[in-house]
Amino acid sequence: MNYKVLTVIIVFFFSSCDKISNKSASLYDLVPENSELVISIKNLSKFKSSINNNNYLNTIVNSNLKVKNLISQLDKINDDSELLIGLYNYNNTTHYNIIGREIHNDSLGNSKFSFENIDIITSNSNYKPKVNKDLFVQKFKKINQTNTNFSISMDSLKTKDFFKR
């Protein structure tokens, strides 16, 4: 009789436990859900060089104050580790998040958050880091090439509105 009671208690004990996941968050998990444009940068110095040496990209940077501020923040980062940038709309204003592991920069004009071992520099003072499982970001994660200096992906439903701003 005591064994039956003990067996029932053990079964209830193991069935009531929550599954503990040791999976840590990836950079892609922290891209904001409403991102309209995601840029994956494998080599920051080559990305900066591409912008400086391309008249079209230079024109885009200089035509938008928020993008100009983003490039200014990237200029302050001192390492070439992988970065993700999410551009998104919040309260009718375009904001950006720079996401990377242990970002080292000269100075911060914007807010900086840490989530596990991932740093986030954001232009949005109301931003709260959270794990994102959005389909757009997960698709980009799958198609992002490892042999490129940077990749850009845009949400097709929001592309037109993004370029109007």
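Predicted model: local features only at pLDDT ≥ 70, side-chain atom pairs only at ≥ 80, totals over all residues.

Trainee: What is the order of the strands in the open sheet?

Mentor: The six strands follow the order β4-β5-β3-β2-β1-β6, and their pairing is antiparallel.

Trainee: And which strands stand at the edges?

Mentor: Those are β4, residues 111-115, and β6, residues 150-154. Each has a single partner strand, so one side of each is left without a neighbour in the sheet.

Trainee: By how much are neighbouring strands turned against each other?

Mentor: On average the turn is 20°, with direction ignored.

Trainee: Let us look at β1. How many bridges pair it with β2?

Mentor: Six bridges pair β1, residues 35-41, with β2, residues 83-90, in the antiparallel sense. Within this pairing, Leu37 has Leu87 of β2 as its bridge partner.

Trainee: How many bridges join β1 to β6?

Mentor: Five bridges join them, and the two strands run antiparallel. Ser151 in β6 is the residue opposite Ser40.

Trainee: Is β1 mostly covered or mostly open?

Mentor: Mostly covered: seven of its seven residues are buried.

Trainee: Now the helices. Which strands does α2 touch?

Mentor: Helix α2 packs on the sheet and touches β1, β2 and β6. The direction of α2 makes about 115° with that of β1.

Trainee: And α4, which strands does it lie across?

Mentor: Helix α4 lies across β1, β2, β3 (93-101) and β5 (118-122). With β3, the angle of α4 is about 20°.

Trainee: How do the axes of α2 and α4 cross?

Mentor: The axes of α2, residues 44-52, and α4, residues 65-75, come within 11 Å and cross at roughly 140°. The two helices are therefore oblique to each other. The crossing in which α2 passes α4 is left-handed.

Trainee: Which residues make that contact?

Mentor: From α2, the contact is made by Leu44, Phe47, Lys48 and Ile51. Helix α4 contributes Ile71, Leu74 and Asp75.

Trainee: How many of them are nonpolar, polar or charged?

Mentor: The contact of α2 with α4 has five nonpolar residues and two charged ones, with no polar residues.

Definitions and conventions:
Residues numbered from 1 in each chain as written. Heavy atoms only, no water. Axes fitted to C-alpha atoms, helices over the stretch in contact; angles between N-to-C directions. Helix = DSSP H or I, 4+ residues; strand = E, 2+ residues; numbered from the N terminus. Parallel < 35°, antiparallel > 145°, perpendicular 65-115°, else oblique. Left-handed = near helix turned anticlockwise from the far one by under 90°. Contact = heavy atoms within 4.5 Å. Nonpolar A, V, L, I, M, F, W, Y, C, P; charged D, E, K, R; others polar. Pairing = 2+ DSSP bridges. Buried < 20%, exposed > 50% of the residue type's maximum accessible area, 1.4 Å probe, protein only.
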